[in-house]
Amino acid sequence: MTETRKGFIQLHLSVMLAGFTGLFGRLITLNEVDIVWYRMLFTSLILLVFTGLPRVGWRKFLELCGCGALLGVHWMLFYGSIKASNVSIGVICFSLIGFFTALFEPMIFKRRLSWIELLFSLITVAGVLCIFSLDARYRYGIMIGIVSSAVCALYAICNKKASVGVRSRTVLMYQMSGGLMMVSAIIPLYLCIFPSQQPVVVIPEGSNLWYMLCHALFCTVGMYLLQIQALKRLSAFTVNLTYNLEPCYTIILAFLIFGEGREINFSFYIGIFLILLSVLLQTLRAGKSNHH
């Protein structure tokens, strides 16, 4: 088997594992605060076994902790969106990450705004608005999902700066363990702004415990390690491009497992079409710039 083919297999496995993240958000009956806290705890413990505690400078450690806190807040909002609406809505709102990245990245790196990036991202916004305005049942879930994608865009931009010169496993280890401490401090404030529909559970039991362990092992550690292996064999462009399939995988799985197709109206499909159109246009543009 060639290295490239091996890389593609690893990449698609990691995207499929990412696709299951939203499903676990629905299967686990705990609230979003519990899910994120235990996801970070179990992932930190699993990574501690793999990596130990590699030395990094204090400044780098604090930067990674800050990124971990942003990731934790994004996860809480993402699962909160799924709990308040459904899996499909949660992952569709996640598509707005491109729009928020196009806005935030020029501000943080002090470079010029790319109008073409913004235009393509606005097609995604139109798709989300189409779903949002024509289906009143899910408005609260969509609003939380939009904030979630904004926080995730900030995480991706900050992570790009913070992870320079540090091994990927080490980055993940300190983001998860540092993020766990930061998220623990943020939880009371989060619950004031976004009151949970379910009580906070101190210790998960039964199927919730098994789902949480699988979620941490496969959809966090497994997914990120496969992604790192794929990046060694394929370009970053190919990896990022393939991750655009994640919402599609999740929605198909949600339709098959939870029968969410019955809850969806025609406006949802118009919205999906606009989001896929935006992804296709951005893909073609990136492909052209790669050839030049």
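Trainee: How are α2 and α9 placed relative to each other?

Mentor: Some ground rules come first. The model is predicted, and local features are described at pLDDT of at least 70, side-chain atom pairs count only at pLDDT 80 or more, and totals for chains, interfaces and linings use all residues. Residues are numbered from 1 along each chain as its sequence is written, and side-chain values use heavy atoms, with hydrogens and water left out.

Two packed helices are described by the angle between their axes and the distance between the axes. Helix α2 covers residues 32–51, and its axis comes within 9 Å of that of α9, the two crossing at roughly 60°. Helices here are DSSP runs of H or I with at least four residues, strands are runs of E with at least two, and both are numbered from the N terminus. The axes are lines fitted to C-alpha atoms, for helices over the stretch in contact, and the angles run from 0 to 180 degrees between N-to-C directions. The answer to your question is therefore that α2 and α9 are oblique to each other. Under 35 degrees counts as roughly parallel, over 145 as roughly antiparallel, 65 to 115 as roughly perpendicular, and the rest as oblique. The α2 and α9 crossing is also right-handed; that is, the near helix is turned clockwise from the far one, whereas in a left-handed crossing it is turned anticlockwise by less than a right angle.

The residues that meet can be named. On the α2 side they include I35, Y38, R39, F42 and I46, and on the α9 side L209, M212, L213, A216 and C219 are among them. Contact here means heavy atoms within 4.5 Å.

Buried means under 20% relative accessible area, exposed over 50%, and partly exposed in between, with a 1.4 Å probe and protein chains only. Setting aside neighbours within four places in sequence, M212 is in contact with I28, I35, Y38, R39 and F42.

Y38 and F42 are joined with W37 in a cluster linked by ring pairs. R39 lies over the face of W75, at 3.7 Å from the ring centre. A charge sits over a ring if NZ of Lys or CZ of Arg is within 6 Å of the ring centre and within 35 degrees of the ring normal.

Helix α2 also holds V33. With a relative accessible area of 2%, V33 is buried. Beyond its neighbours within four places in sequence, V33 contacts M76, I187, Y190 and L191.

The aromatic rings come next. The whole structure contains eight aromatic pairs. One of them has F24 and Y211 with ring centres 6.2 Å apart and planes at 65°, so this pair is edge-to-face. The pair links distant parts of the chain, since F24 belongs to helix α1 (residues 3–27) and Y211 to helix α9 (residues 206–233), 187 residues apart. F24 is buried at a relative accessible area of 12%, whereas Y211 is partly exposed at 29%. Y190, already named as a contact of V33, forms a tilted aromatic pair with F194, at 5.3 Å centre to centre and 40° between the planes. Both Y190 and F194 are buried. Rings of Phe, Tyr and Trp (its six-membered ring) pair if their centres lie within 6.5 Å, and planes under 30 degrees apart count as stacked, over 60 as edge-to-face and the rest as tilted.

Helix α9 also holds Q229, which is partly exposed at 31% relative accessibility. Q229 and Q10 are 219 residues apart in sequence, yet 7.2 Å apart in space, C-alpha to C-alpha.

Helix α1 has a packing partner in helix α11 (residues 246–258), their axes coming within 8 Å and crossing at roughly 50°. These two helices are therefore oblique as well, and the crossing of α1 and α11 is right-handed. Among the residues that meet are V15, G19, L23 and R26 in α1, with Y249, L253 and I257 in α11.
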